[in-house]
Amino acid sequence: MITLMQLLSFMDRGNIGNAKLDGLMTQLHLTGNKYNIALTVFFIPYGLLELPSNLVIQVIRPSRWLPAIMITWGLIMMTMGFVKTYPQLVGLRVCLGVAEAGLFPGVAYYLTMWYPKYMYQYRLALFTGATTLAGAFSGLLAFSIGFMSGDGGLEGWSWIFILEGLVTILVGLLAALVMVDYPATAKFLTAEERSFVIQKRARGAAQDDEHDAVQQVWAAFTDWQVWALSIIQLSFATPMYGIAYFLPTLINSFGYSTSISQLLTVPPYLLATVIILTFAYFSDKLRLRWPFVFAAQLLSLVGYIINISNTSPGVKYFGLYLCVLAATGGPGAISWLANNLGGKYKRATGIALQIGMSNLGGAVASNIFRAQDQPRYLLGFGLEIMFISMGLVAVPITVLVYKRINYRRDRDELLRQQGQKADSKEGGVKPMGDRAPSFRYTI
């Protein structure tokens with residue numbers, strides 16, 4: 001159910017890229033950078049409200065909060081199909097950002113309450129894999145819905161918004177009926193099964209400390225790993241959004257018709273869905289995060305280098321397959337941080353900060369593929385390469401710091417076993433959560 005919710009979430013925010021080729025630009029007179037502004041305004045409330053939303057989910061049950069925001073953005077999406085002016089479009093894109101802000105960080109936190117740390121990434125990948133599938137479905141639906149242009153006096157782009165918004169509302173209503181909250185309250189499990197799920201999740205995880213919510217929230221803001229892994233996630237999110245919003249336009253610039261361009265967006269996303277699940281499976285199995293995060297960055301870097309070069313359209317289309325693979329590293333970076341944060345409020349805050357900061361990269365990605373830069377889009381591809389390179393630097397630094405901390409804790413534990421006094425920097429206060437001496441960071 002949550003995978004279907006994410007599929008529709010990403011389709012609803014990204015279908016404007018398909019609508020762009022189906023009459024949106026001409027009917028609303030989106031000249032100059034107006035289209036880019038319409039993309040950008042979504043990410044401002046979307047990025048800023050993810051943290052408050054992850055605190056709200058501590059008060060309002062997930063089975064109520066997540067379907068409610070879904071129904072809300074479905075209504076907004078349907079309304080977008082009837083806009084007549086550019087200001088109306090911008091206003092509704094802002095509202096869409098407000099409504100969608102709670103889904104991704106909320107589910108990322110919600111899954112940590114159900115699954116052990118080394119079963120988490122594959123489940124998160126099933127959820128985020130919907131992001132790449134959304135690109136495939138958007139292209140197919142846009143191709144089909146495009147034939148409705150003129151029906152009811154509406155152009156094809158209006159029907160894209162209306163029909164996809166309607167589906168979102170229906171799925172939101174279904175989610176309200178079938179979603180459950182946490183293992184301890186799951187009625188479809190027996191008492192023994194609930195106990196098993198809770199105990200299995202607790203194995204190898206950081207013990208949730210007893211500090212109050214304010215202390216845990218502050219601990220997330222001051223934890224180096226939250227910001228390091230936010231930079232890594234930013235290196236995926238910015239290229240991912242750049243491709244999501246401009247892939248139809250980039251393919252169209254190769255000389256293909258609008259309908260063929262919509263169809264050619266499908267295969268790269270299907271490949272990315274397979275890779276994202278493969279990486280997640282082996283990452284959980286090997287209990288390693290960084291090699292797969294690093295591999296995704298390298299693959300997408302090669303794709304952007306191919307597309308910034310002056311080569312044939314066929315080679316560039318192959319490069320776009322690799323560009324789309326930027327999406328395959330996101331679950332690894334989020335899982336990496338989720339595995340290494342203890343305390344439910346700290347984990348909820350840290351995940352929201354990471355996703356919120358990275359999604360502000362979407363605001364950047366919305367403005368770098370400019371009409372005046374076509375057909376090569378040197379600025380856009382160059383900036384995407386810069387963001388990926390930031391991640392390539394941040395990953396090995398993060399690994400080295402984690403290894404250093406784990407080594408120091410192993411050494412201190414050995415000294416304690418030998419009856420010697422270990423080094424302590426805690427001032428007599430027994431650390432809890434991921435700061436506990438017994439906790440080892442996932443690499």
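The legends below describe close-up views of a predicted model. Local features need pLDDT of at least 70 and side-chain atom pairs count only at pLDDT 80 or more, whereas totals for chains, interfaces and linings use all residues. Residues are numbered from 1 along each chain as its sequence is written, and side-chain values use heavy atoms, with hydrogens and water left out.

**View 1. Packing of helices α13 and α19.** Helix α13 (residues 224–252) packs against helix α19 (residues 344–365) at an angle of about 40°, and their axes lie 7 Å apart; helices here are DSSP runs (H or I, at least four residues), numbered from the N terminus. Axes are lines fitted to C-alpha atoms over the stretch in contact, with angles running from 0 to 180 degrees between N-to-C directions. The contact (heavy atoms within 4.5 Å) includes Trp227, Tyr241 and Phe246 of α13 and Leu353, Met357 and Gly361 of α19.

**View 2. The loop between α19 and α20 (378–417).** Pro375 lies in this loop and is joined to Gln374 by a cis peptide bond with omega about 10°. Tyr377, also in the loop between α19 and α20, has a positive phi near 50° and counts as buried at 4% relative accessibility.

Conventions. Helix = DSSP H or I, 4+ residues; strand = E, 2+ residues; numbered from the N terminus. Buried < 20%, exposed > 50% of the residue type's maximum accessible area, 1.4 Å probe, protein only.
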